[in-house]
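Keep the 3D view open as you read.

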Amino acid sequence: MKNVKLGSQGAVVGREGLGCMGMSEFYGRLDDAESAATILRALDLGVTMLDTADMYGIGANEELVGKTIRHRRDEVFLATKFGNVRKPEDPTYWAVSGTPDYVRSACDASLRRLGVDYIDLYYQHRVDKDTPIEETVGAMAELVTAGKVKYLGLSEASPATIRRAHAVHPITALQTEYSLWERHVEDEILPTVRELGIGFVPYSPLGRGFLTGTITKPDDLDSTDSRATRFPRFEGAALDQNLALVERVRAIAQRKGVKAGQLALAWVLAQGEDLVPIPGTKRRTYLEENVAAVDIVLSPEEIAEIEAAVPQAAVAGDRYASMATIDR
């Protein structure tokens, strides 16, 4: 797989990364053995950026990733996140913190769970609206000085927050949702990060799996799958309306001889080499499909046709049931 620069601070990663969240929580039944095999297969295919967070499985995902890469650490650009506070004794507890003390303690805890000496890219997962971003990034910068972290990132931050953070310490990457059915970043966020030389990491580039066409009715989601309860786009009339959009993507993909998800991912990749999407999967089969999308070339006419097939105004439902923690 081709390597590309991520941001302007020296980071280099594979053209596509791997989101590891669903391996430990949120998206149905778990299989640690298959998840580990998927991570190792990703490395074999040239995927270097593995994306996790301390909140995924309340630490379990970092432990899984760390254990799996232990003998291949030098092949990995390891990204993890802090900021979403959860408690093992009460999985329903959820808060956001960016206080300097929490930044330091969260990093040390992640290093222990991952079993590594340093984190390549350390993101603030959600902006703490009660703590000035300057204080949070100042504490993150201390981690760089201490050698615990190489590069800094933000997730779901507004243009104003990005600018304030970048003035304290260079930000290497912004991670925010971006896909055919979620294009809000195009108005202000992408222009901002490009102006500042910050890389962009689209998460959920397949619309949480919806754009693959494998979800056609509520029963397709396991009872433990949070998409059925946390994401309005998967519910009721919104689901029906959005399915019509996916059918359009599927028709274009069929004509091109690829899968719907591969076409949707190729569209994200076509938005620029400063974008490094991290489609998530816990199965080798889907991983290989996603990686193959890197080789799909879309003409300007095909890109225009795909965008016309999924106009943002036609997508039904908010992207989260609650947008309270999103910095806007």
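The axes of helix 1 (residues 32–44) and helix 10 (residues 284–292) cross at roughly 25° and come within 9 Å of each other. Helix 1 and helix 10 therefore count as roughly parallel (angles under 35 degrees). Their crossing is right-handed. On the helix 1 side, E34, A37, T38, R41 and A42 meet R284, L287 and E288 of helix 10, where contact means heavy atoms within 4.5 Å. By class, that contact has 3 nonpolar, 1 polar and 4 charged residues.

This is a predicted model, in which local features need pLDDT of at least 70 and side-chain atom pairs count only at pLDDT 80 or more, while totals for chains, interfaces and linings use all residues. Residues are numbered from 1 along each chain as its sequence is written, and side-chain values use heavy atoms, with hydrogens and water left out.

Now turn to helix 3 (residues 100–114) and helix 4 (residues 133–145), which pack at an angle of about 35° with axes 8 Å apart. This crossing of helix 3 and helix 4 is right-handed. Helix 3 contributes P100, V103, R104 and C107 to the contact, and helix 4 contributes E135, T136, A139, M140, E142 and L143. The classes here are 6 nonpolar, 1 polar and 3 charged.

Terms used:
Axes are lines fitted to C-alpha atoms, for helices over the stretch in contact, and angles run from 0 to 180 degrees between N-to-C directions. Helices (H or I, at least four residues) and strands (E, at least two) are DSSP runs, numbered from the N terminus. A crossing is left-handed if the near helix is turned anticlockwise from the far one by less than a right angle, and right-handed if clockwise. Ala, Val, Leu, Ile, Met, Phe, Trp, Tyr, Cys and Pro count as nonpolar, Asp, Glu, Lys and Arg as charged, and the others, Gly among them, as polar. Angles under 35 degrees count as roughly parallel, over 145 as roughly antiparallel, 65 to 115 as roughly perpendicular and the rest as oblique.
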